[in-house]
Amino acid sequence: MAETGTAVGTVGWRDLTVADAGELRAFYEDVVGWTTEAVDMGGYSDYVMKAPGSGEPVAGICHARGPNADLPPQWLAYISVADLDQSLTACDERGGTVIVAARGLMGGRMAVIRDPAGAVCALWQPPASSPSQGG
């Protein structure tokens with residue numbers, strides 16, 4: 001995840017996690033014109049995809065390895081929340097499921113949920129409002 005919006009309730013980032021991020025990175029370079037910046041993940045690279053012309057980071061394409069091994073191969077929106085623990089409790093109470101437990105990310109915390117209809121998204125609590133980095 002690169003620069004991420006922090007306004008509560010907004011989609012601040014999106015990632016796509018797949019088996020072969022390098023191949024899919026090339027697909028999106030050719031199809032939509034994105035440029036790429038490799039991000040060293042310790043033995044392999046994930047990619048920040050940038051808008052043509054401006055070079056603004058717009059998305060990430062990641063390998064399904066390490067902490068991302070269990071993520072589904074779909075575009076995953078990161079929605080900023082004020083209190084991740086409170087949001088995860090509300091998710092459970094409203095019939096959703098936490099599919100990736102809370103963990104630290106970019107100084108904040110994130111988790112992945114499935115809503116009652118089956119759609120998946122990530123919730124991200126920015127650093128300024130994160131009481132701890134643990135999950």
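**View 1. Arg-103 meets Met-110 where β6 pairs with β7.** In this predicted model, the bridge partner of Arg-103 in β7 is Met-110. Strands β6 and β7 run antiparallel and are joined by six bridges. On this part of the sheet you will also find helix α2 (residues 84-93), which packs against it and touches β6, β7 and β8. The direction of α2 makes about 10° with that of β7.

**View 2. The whole sheet, strand by strand.** Step back for a moment to see an open sheet of eight strands with mixed pairing. Its order is β2-β3-β4-β1-β5-β8-β7-β6. The edge strands are β2 and β6 (97-105), each of which pairs on one side only. From one strand to the next, the twist averages 25°. Helix α1 packs on this sheet as well, touching β1 (11-18), β2, β3, β4 (57-63) and β5. The direction of α1 makes about 150° with that of β4.

**View 3. Strand β8 and its covered residues.** Here we look at residues 120-125, where six of the six residues of β8 are buried. Val-120, Ala-122 and Trp-124 point one way from the strand, while Cys-121, Leu-123 and Gln-125 point the other way. Both sets are buried.

**View 4. The two neighbours of β8.** Strand β5 (residues 75-80) runs parallel to β8, and three bridges join the two. Look for Ile-79, which stands opposite Leu-123 of β8. Strand β7 (residues 108-114) runs antiparallel to β8, with six bridges between them. Arg-109 has Gln-125 as its bridge partner in β8. In the hairpin of β7 and β8, five residues lie between the strands, and Gly-118 takes a positive phi near 105°.

**View 5. The hairpin of β2 and β3.** Strands β2 (residues 35-40) and β3 (residues 45-50) pair in the antiparallel sense over six bridges. A handy landmark is Thr-35, which stands opposite Lys-50 in β3. This hairpin has four residues between its strands, and Gly-42 takes a positive phi near 80°.

View 6. Phe-27, Val-31 and Val-32 form a nonpolar patch on the surface. Together they have about 260 Å² of accessible area. Phe-27 sits in helix α1 (residues 21-32).

Terms used:
Residues numbered from 1 in each chain as written. Predicted model: local features only at pLDDT ≥ 70, side-chain atom pairs only at ≥ 80, totals over all residues. Heavy atoms only, no water. Buried < 20%, exposed > 50% of the residue type's maximum accessible area, 1.4 Å probe, protein only. Pairing = 2+ DSSP bridges. Patch = residues over 30% accessible without salt bridge, like charges linked within 9 Å, V, L, I, M, F, W, Y side chains within 5 Å. Areas by Shrake-Rupley, 256 points an atom, 1.4 Å probe, with all protein chains shown as cover. Salt bridge = Lys/Arg side-chain N within 4 Å of Asp/Glu carboxyl O. Axes fitted to C-alpha atoms, helices over the stretch in contact; angles between N-to-C directions. Contact = heavy atoms within 4.5 Å.
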